[in-house]
Amino acid sequence: MAVKEKNRAAEEDEEFKQQMKPKKSNAKGQNEQGIQNGKPKKKKGKKGIIFMVLLILIAGGVAALYFTGTLSSLLGLEPDEATMTMEQWQAQLGSKESDLTIWSGVLTDKEAELNKRESELDEREAALLKAESANLTFSQRIAGKTEDELADIQKVSNIYAKMDAAAAAEALLEIKDEDRTAMIIYYMQPNASAPILAEMTAEQAAEITAVIMK
């Protein structure tokens, strides 16, 4: 009985000593456990700092490229007007001026081409009118004129009738429209038209008379 009590007292004394010993930290225990398992714990502090430094350097480089306009050039974009340098402004203005010069030349060529076509159409229209007029009698040609056109012809006829016969004949022969020349002679009094026709050659006077008599 005494031996049992002595052993029990010894066990309680040992248990009390174990409880009084300081406990090891969890970090150290985990580290030791990792080492025992053959997988030492990685240290993440230094790698995080290196990553942040690299990120700052990259951001700084991108910002420098952006503010100098180099980034836009590398990406094939138009430079931002707010960040363009004087050289970039001059280059852009020069390019636009060159484009305007090219377009101005194109428009000039197009205008010349349109004017040429318009002239050709006018010539064709005049030829058609002349061909149609050739098949009409002189009375029909006069009837085809408007009142304003006839009034203008009569006014011109009165002017020529008061001129010197030789000067009037020379001026009338300068008119390329035979119908108009004939109508001016037609609206003159015979005592005014006869001297003018006499100043012309026989062939010229015959042509004008033939138009009136048709």
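Hi everyone, let's start with a pocket. Leu-172, Leu-173, Ile-175, Lys-176, Asp-177, Glu-178, Thr-181, Glu-203, Gln-204, Glu-207, Ile-208 and Val-211 line the second largest pocket. Please keep in mind that we are looking at a predicted model. The space in this second largest pocket comes to about 180 Å³.

Which elements give two or more residues to that lining? They are helix H8 (165-174), H9 and H11. H11 gives the most, with five residues. Sorted by class, the lining has five nonpolar, two polar and five charged residues.

Now to the helices themselves. The axes of H9 (residues 178-186) and H11 (residues 202-213) come within 9 Å of each other and cross at roughly 80 degrees, so H9 is roughly perpendicular to H11. On the H9 side, the contact is made by Glu-178, Asp-179, Thr-181, Ala-182, Ile-185 and Tyr-186, and on the H11 side by Glu-207, Ile-208, Val-211 and Ile-212. By class, that contact has six nonpolar, one polar and three charged residues. If you look back at the pocket, you will find Glu-178, Thr-181, Glu-207, Ile-208 and Val-211 in its lining too.

H9 has another partner to show you. Helix H7 (residues 147-161) packs with H9 at an angle of about 65 degrees, their axes 8 Å apart, and the crossing is right-handed. Which residues meet here? From H7 we have Asp-152, Ile-153, Val-156, Ser-157 and Tyr-160, and from H9 there are Arg-180, Met-183 and Ile-184. This contact of H7 with H9 has five nonpolar, one polar and two charged residues by class.

Terms used
Residues are numbered from 1 along each chain as its sequence is written. This is a predicted model: local features need pLDDT of at least 70, side-chain atom pairs count only at pLDDT 80 or more; totals for chains, interfaces and linings use all residues. Side-chain values use heavy atoms; hydrogens and water are left out. Axes are lines fitted to C-alpha atoms, for helices over the stretch in contact, and angles run from 0 to 180 degrees between N-to-C directions. Helices (H or I, at least four residues) and strands (E, at least two) are DSSP runs, numbered from the N terminus. Angles under 35 degrees count as roughly parallel, over 145 as roughly antiparallel, 65 to 115 as roughly perpendicular and the rest as oblique. Contact means heavy atoms within 4.5 Å. Ala, Val, Leu, Ile, Met, Phe, Trp, Tyr, Cys and Pro count as nonpolar, Asp, Glu, Lys and Arg as charged, and the others, Gly among them, as polar. A crossing is left-handed if the near helix is turned anticlockwise from the far one by less than a right angle, and right-handed if clockwise. On a 1 Å grid over the protein atoms alone, a cavity is a set of points where a 1.4 Å probe fits but cannot get out, and a pocket is an open set with protein on both sides within 12 Å along at least five of seven lines; lining residues have an atom within 4 Å of a point. Grid points are joined across faces, edges and corners, and a volume is the space filled by probe spheres set on the points.
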